[in-house]
Amino acid sequence: MKTDHLLIIRFSAQGEVAMLVPVVSSLARQYPDLRITVLSRPFARPFFEGLAPNVGFMGADLEGEYRGVTGLNALYRRLIAKNFTAIADMHNILSSRYLRMRFNLSRFRVEHIDRHVSERRKLTAQKDKQLRQLPTAFENYTDVLSRLGYPVKVDFHSIFPPTGGNLRLVPEQIGEKKIFQQWIGVAPFAIYKEKVYPPEKMEQVVAELIRRHPSCRVLLFGRTEAEQKVLDTWCARYKECVNASVLLGTLQQELIVMSHLDVMLCMDSVNMHLAALTGIRIVSVWGATHPFAGFLGWNHRMGDVVQVDMPCRPCSVFGNVPCMRGDHACMNAIDPITIADSVERVLNELPKRVVSPSPSQPLTTL
C-alpha cells in the first residue's frame with residue numbers, strides 16, 4: 001500500500017517559517033505513518049531536522065539554483081520524483097502558486113493557505129478600521145491540513161526537552177546558569193524600524209531590570225552590524241549584559257540558549273518566534289503592527305504583550321509601512337517602566353526553582 005507523503009511549502013522570512021514548527025510537530029506525532037517533507041529556504045533546516053522521525057526537509061534557493069520559471073521547473077522535476085500524495089501550499093505567493101499549478105495539472109491533491117487579504121486591509125485601514133482578531137497563522141496552517149484530510153490539534157510545547165537544550169553545545173563564554181540567577185533575554189530590534197522600541201528607552205528598561213535583579217544576566221540578541229554596535233555599548237556600560245549574538249555561531253546555538261532564559265523581551269520580530277519554539281515566557285512590545293493580524297508567537301499570552309491603543313494602529317500587517325504621523329507615537333508613548341514591570345510580573349509568575357540537597361546542604365527553595 002502506498003504511504004501518504006505530504007509536501008508542505010513555505011518560502012518566507014524566518015519568523016513565518018518558525019510558526020510552522022508547532023503545526024508540523026503536532027501533525028507528525030498525530031499521524032506517525034504520514035511522511036512529511038517541508039520545502040523552504042535553506043536557513044530553515046535547523047527548525048525541522050530531528051523534529052520527528054517522519055519529518056524531512058528540502059532546501060530551495062529561489063534566488064540562486066531555482067530562480068525564475070526555469071529554476072521553478074527544475075525544482076518541480078525534483079519534487080515530482082519524491083512521490084508526494086498531497087501538497088500544502090502554506091505561503092500562496094507567486095513561486096508557490098506556480099509549483100501549485102504544476103501539481104494541479106498533474107492531478108495531485110493540492111490546497112493552499114487563505115491569507116485573508118481583505119480582512120487585513122480592514123484591520124490596517126486609516127478610515128473605518130475594523131480592529132478585530134483575524135485567524136492566526138497556526139489556524140491558517142491547520143485549515144489547509146484539514147482540507148487535505150489531516151485535521152490536527154496543535155499541542156506543541158518546545159523543540160527541546162523540559163530541561164532545555166544542551167548548553168555544552170554552545171561556546172563556553174555563555175557559561176552555566178547559576179541557580180540564583182535570572183537569565184533575561186533582550187532582543188530589541190526588528191527588520192523594520194516601525195516595529196522597534198527606541199534603543200535609548202530600551203536601555204532604560206535594561207538598566208531598570210538590572211537594578212531590580214543585580215545577580216541577573218542579560219543576554220542580548222541582534223544581527224546587523226548597527227545592532228551589534230548598540231549591544232556592545234550596553235555591554236560596556238553594564239557588566240550583567242552579554243552580547244549573545246556575537247558568541248553564538250548558529251541558529252541552533254541561539255535556540256539552545258533561549259531555552260534556558262527565564263523570559264525573553266523582544267519586539268514583534270523573528271526572535272519572538274524563535275523564543276516561542278523553546279517554550280519560555282515572552283514579553284513583546286508592539287508598535288506599528290498588532291497581534292490581531294495573527295502573527296503572535298506560539299503560546300505567547302496576550303497579557304504579556306505591551307502596546308498602546310491608538311486610532312492609527314495597526315498601520316500595517318508586517319511593519320513595512322512608514323509611520324503616517326512621522327513621530328512613531330505608538331512606540332514612544334510606552335514608558336520603559338511599563339515594560340520593566342511586565343518582565344517583572346512574568347519573573348514572579350515563574351515556578352520557583354528547587355536546589356537538590358547534598359549531604360551537607362539542606363533543601364532550599366529559591
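Reader: Among contacts in the protein chain between residues at least 6 apart in sequence, what percentage join residues at least 24 apart?

Author: The model is a predicted one, in which local features need pLDDT of at least 70 and side-chain atom pairs count only at pLDDT 80 or more, while totals for chains, interfaces and linings use all residues. Residues are numbered from 1 along each chain as its sequence is written, and side-chain values use heavy atoms, with hydrogens and water left out. A contact here means heavy atoms within 4.5 Å. Among the contacts between residues at least 6 apart in sequence, the share that joins residues at least 24 apart is 66%.

Reader: What radius of gyration does the protein chain have, and why does it agree with that of a compact globule?

Author: The radius of gyration is taken over C-alpha atoms, and the globule rule is 2.2 Å times the number of residues to the power 0.38. Because a compact globule with 366 residues would have a value near 21 Å, there is agreement with that of the protein chain, which is 22 Å.

Reader: Is S95 buried or exposed?

Author: S95 lies in helix α5, which covers residues 94–105, where a helix is a DSSP run of H or I with at least four residues, numbered from the N terminus. Leaving aside neighbours within four places in sequence, S95 is in contact with F11, L62 and L72. The relative accessible area of S95 is 12%, and since buried means under 20%, exposed over 50% and partly exposed in between, with a 1.4 Å probe and protein chains only, S95 is buried.

Reader: How many residues apart in sequence are the parts that the pair of Y31 and Y150 ties together?

Author: A search of the whole structure finds seven aromatic pairs, where rings of Phe, Tyr and Trp (its six-membered ring) pair if their centres lie within 6.5 Å, and planes under 30 degrees apart count as stacked, over 60 as edge-to-face and the rest as tilted. Y31 and Y150 form one that is edge-to-face, with 5.5 Å centre to centre and 85° between the planes. Y31 lies in the loop between α2 and β2 and Y150 in the loop between α7 and β6, so the separation of the parts tied together is 119 residues.

Reader: Which helix holds F103, the partner of Y76 in an aromatic pair?

Author: The pair of Y76 and F103 is edge-to-face, with 5.0 Å centre to centre and 70° between the planes, and both residues are buried. The pair links distant parts of the chain, 27 residues apart, with Y76 in helix α4 and F103 in helix α5.

Key
Helices (H or I, at least four residues) and strands (E, at least two) are DSSP runs, numbered from the N terminus.
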